[in-house]
Amino acid sequence: MSNNQVPETMLNNDAILYSTEMNKDNLDRNVQNNSNDYLVQVKNLKKYFPAGLKGTTRQYVKAVDDVSFNIPKGTTMGLVGESGCGKTTVGRTMLRLYSMTGGEVYFDGQNINKLSRSALRKLRPRMQMIFQDPYSSLSPRMPVGEIIGEAVREHNIVPKAELNEYVAKAMNDCGLPYQYARRYPHEFSGGQRQRICIARAVALQPDFIVCDEPVSALDVSIQAQIINLLQDLQNEFGYTYLFISHDLSVVEYISDTIGVMYLGSMVEFGDKKKLFAKPMHPYTQALLSAVPVPDPDFEMQRVILEGDIPSPVNPPSGCKFRTRCQYATEECAKSCPKFIEYESQHEVACFLYPQE
Amino acid sequence: MAKENKKTKNTQYLTIKEEREIAKSNRKIMKQFERAKNRKNVDESEFTTQMHDPRNVIEIDNLHTYFYTDVGTTKAVNGVSFKIPEGKIVGVVGESGCGKSVTSLSVMQLVQGPVGQIVDGSIRYTTSEGKCYDIAKMPRDEMRRIRGKEIAMIFQEPMTSLNPVFKIGDQLDEALAIFEPKMSKNEVKARSIEMLEMVGIADQEKIYHNYPHELSGGMRQRVMIAMALICNPRLIIADEPTTALDVTIQAQILELLLEVKNKINGSIMLITHDLGVIAGMADYVVVMYAGKIVEAGDIHDIFKNPKHPYTVGLMRSLPSLSHVVTGSRLYSIPGQVPSPVNLPDNCYFCNRCEYSFDICMEQYPPDYYFEDNHRAACFLYDEKYKDLDLIKPELPRNLTDDSESIMARKIPQGRVVLESETDGFGG
Ligand SMILES: Nc1ncnc2c1ncn2[C@@H]1O[C@H](COP(=O)(O)OP(=O)(O)OP(=O)(O)O)[C@@H](O)[C@H]1O
Ligand SMILES: Nc1ncnc2c1ncn2[C@@H]1O[C@H](COP(=O)(O)OP(=O)(O)O)[C@@H](O)[C@H]1O
Ligand code: SF4
Ligand code: SF4
Ligand SMILES: [Mg+2]
Ligand SMILES: [Mg+2]
């Protein structure tokens, strides 16, 4: 049965329970706070941004509202969803680039909210982020070597004397000749700039990298170069990625597990193969069917969603997707469906499925 | 007659003196072009011409559009020829900066002057009154009668073409009133509301009185389409019409474009870098690379039987196709596009091409034709080199009849059966 195939990268990780005989209790993620199979665990993460006043009450953009997931070491989790659904906010809040409104994030078993300043400082280089726009995320006034070496020096990753050699290696790992070290970012193309960003992150010897739409601004032919680079680095150094993208075909290619977000909430989470073979949530189904297939003979059976994404300031009651869902019932407006694991490694929040 | 600035230096860095010299000669060239464009009361015969095939809406022939910048002449469009038959959709694909937008702006005579100029070639267009003009030679004044009315454009970022300080309704009304001065105010408004309805906006009266910033991205794109269609254009140029939108909204807009195209029986020039969008929409495809067309043909020729190494590479680097086949690394085209200021004399793709051979380093290849107007500019297809037994690029077999990838896209709708509901072994 194809649904149960395990992505190769996960096979080595024997702590992960895939076999069909496993019973569900063993998979209950809530009891695994201190397990080290998961490098990153996110529990009920919330991030609200203030959005002005309405009358006398303060209003909030619920950018991320109760999101939970775990990422096993050395694997890639893809995070997809429409723009503004909170993907970037999840990534930034996890790295404590934003303060949390609620919830917990465990990194390598430690609750990062409870860490002292100095402990957090130590952790910082181990969690890195690569941004969508390789143009604005590099300082225009620093030569590339300096950009990559700056944080390395700050965190004392290598002795001063070895810095240059170390930067050269990081650049080389990312496909940049060291001769480029003295050039400035504006002298590089988009793809090369993204390599510089990756080299900067890699030089800090991270365990976990949040890649926020790292290839969205690049051309198809350059996209493939960057995706291959990210995969080679993972194979060599065992990185764990959170890969944020709105491009489902890229996410399908690179991820082991995938989370689908809608308006601040996770609506479906699962092993890649399962999620693509059998999307359970109506939103995931619509999203998958909307992806244009580069084959002229392919008959699109698109589920065209009516209307637009509602404002995250006033999300619909109950299931947030109900305003665009063709299966919505009265129940969907009354309460929120629970996020339940129906099959191993496949969780959904939708009233189409039993709530027990 | 293509004028080129001979002072362009071959290095990346120019001295101030060199830059000044370039600027000086640029000014002279630009002045000449501007003068020609600004002439008044030009006799129509000067820019009247004949279509090569009356079934085409537009024929672009050997178009050259250059930008005379201080660092040298950018040959943004460097000899582009293709045609758009009536009622058809022609997709234009290619890497960022390859000249897709400049081609479309040339057709509209909207290239940013005085730096940007159409320096050579012709753009033959037949108006709804049956007159055939060469847009490349048309003075600015005359072009106003065609732009917006006969040929309409939809841009990538609707905010740049909707004026933020005017209400949606006023902007729609104005777009129509310019070309239909005889229509009464009420008639114009009725037509605007009708257009909003046609593009699937539910609450037309309310939206009519809204400002652009009050609408979502998808709604603004709908308004843009309404505005483009209000004068019943014969040709719609859509430059990345959905790139700024999410996939679910993109699906709505593409569906809408197809629908309205059929309603007004218009033709579309669809510019996008998304091969998936092209596959779903276009009848013909034009593949551009560094200001030139490297391959063109029927949609099936391009997707099932591509000839040019660049087209094949592009297809193979798509994640959605390649992983089904290989299950491992993505194919990637190495290297980068050459700078449009310093284009080599040989094949522009040869620094990235794994099939290149001797002649590729010496000359730019001419077009070679296959069946049904399928053409590719690549020496691999020259009869002269037949004896060399050159290896030609090919899509992996699974890609040409990708039953597997189609299988993978059978998407269930609504509630699916759970494993636990099928005695544990279903699925
Ligand atoms: N106003 C301008 N002044 C100078 N050069 C320009 C100008 N507009 C475009 N160019 C140059 O012309 C070339 C073609 O640009 P064009 O906008 O047509 O690319 P494109 O194929 O539409 O790319 P994209 O996919 O990024 O939209 C580029 O090298 C660009 O730098
Ligand atoms: N710094 C911020 N201040 C206020 N609102 C924000 C901020 N960052 C994001 N938001 C809002 O939070 C929501 C989620 O945004 P984001 O995480 O950037 O979405 P995505 O990355 O999925 O496109 C959006 O409604 C956005 O407007
Ligand atoms: S809970 Fe109801 S509204 Fe939400 S996705 Fe499921 S069926 Fe649709
Ligand atoms: S002409 Fe030569 S270099 Fe150019 S695409 Fe063909 S084989 Fe490659
Ligand atoms: Mg984002
Ligand atoms: Mg463009």
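Modeller: Strands β9 (residues 257-262) and β10 (residues 265-271) of chain A run antiparallel and are joined by six bridges. One of the pairs is V260(A), whose bridge partner in β10(A) is E268(A). Bear in mind that this is a predicted model.

The two strands belong to an open sheet of eight strands in chain A, with mixed pairing. The order is β6-β7-β8-β3-β9-β10-β12-β11. At the edges stand β6 (127-130) and β11 (339-343) of chain A. Each has a single partner strand, so one side of each is left without a neighbour in the sheet. On average, neighbouring strands are turned by 20 degrees against each other, direction ignored.

A helix packs on this sheet: α11 (residues 282-290) of chain A. It touches β3 (76-80), β9 and β10 of chain A. The direction of α11(A) makes about 105 degrees with that of β9(A).

Now the ligand site. Ligand 2 is surrounded by 13 residues, and G84(A), G86(A), K87(A), T88(A) and T89(A) are the closest. The shell divides into six nonpolar, five polar and two charged residues. Oxygen atoms of ligand 2 make several polar approaches. One is 3.0 Å from a polar backbone atom of G86(A). A polar side-chain atom of T88(A) lies 2.5 Å from an oxygen of ligand 2. For T89(A), an N or O atom in the side chain is 2.4 Å from a ligand 2 oxygen. Ligand 2 exposes 560 Å² when taken alone, and the protein buries 65% of that. α3(A) gives the most, with three residues.

Definitions and conventions
Residues are numbered from 1 along each chain as its sequence is written. Chains are lettered from A and ligands numbered from 1 in the order in which they are written. This is a predicted model: local features need pLDDT of at least 70, side-chain atom pairs count only at pLDDT 80 or more; totals for chains, interfaces and linings use all residues. Side-chain values use heavy atoms; hydrogens and water are left out. A residue is near a molecule or strand if one of its heavy atoms lies within 4 Å of it. A polar contact is a pair of N or O atoms within 3.5 Å; within protein, one must be able to donate a hydrogen and the other to accept it, and residues adjacent in sequence count only if both atoms are side-chain atoms. Accessible areas come from the Shrake-Rupley method with a 1.4 Å probe; for residues, only the protein chains shown count as cover. Helices (H or I, at least four residues) and strands (E, at least two) are DSSP runs, numbered from the N terminus. Ala, Val, Leu, Ile, Met, Phe, Trp, Tyr, Cys and Pro count as nonpolar, Asp, Glu, Lys and Arg as charged, and the others, Gly among them, as polar. Two strands pair if DSSP finds at least two bridges between them. Axes are lines fitted to C-alpha atoms, for helices over the stretch in contact, and angles run from 0 to 180 degrees between N-to-C directions. Contact means heavy atoms within 4.5 Å.
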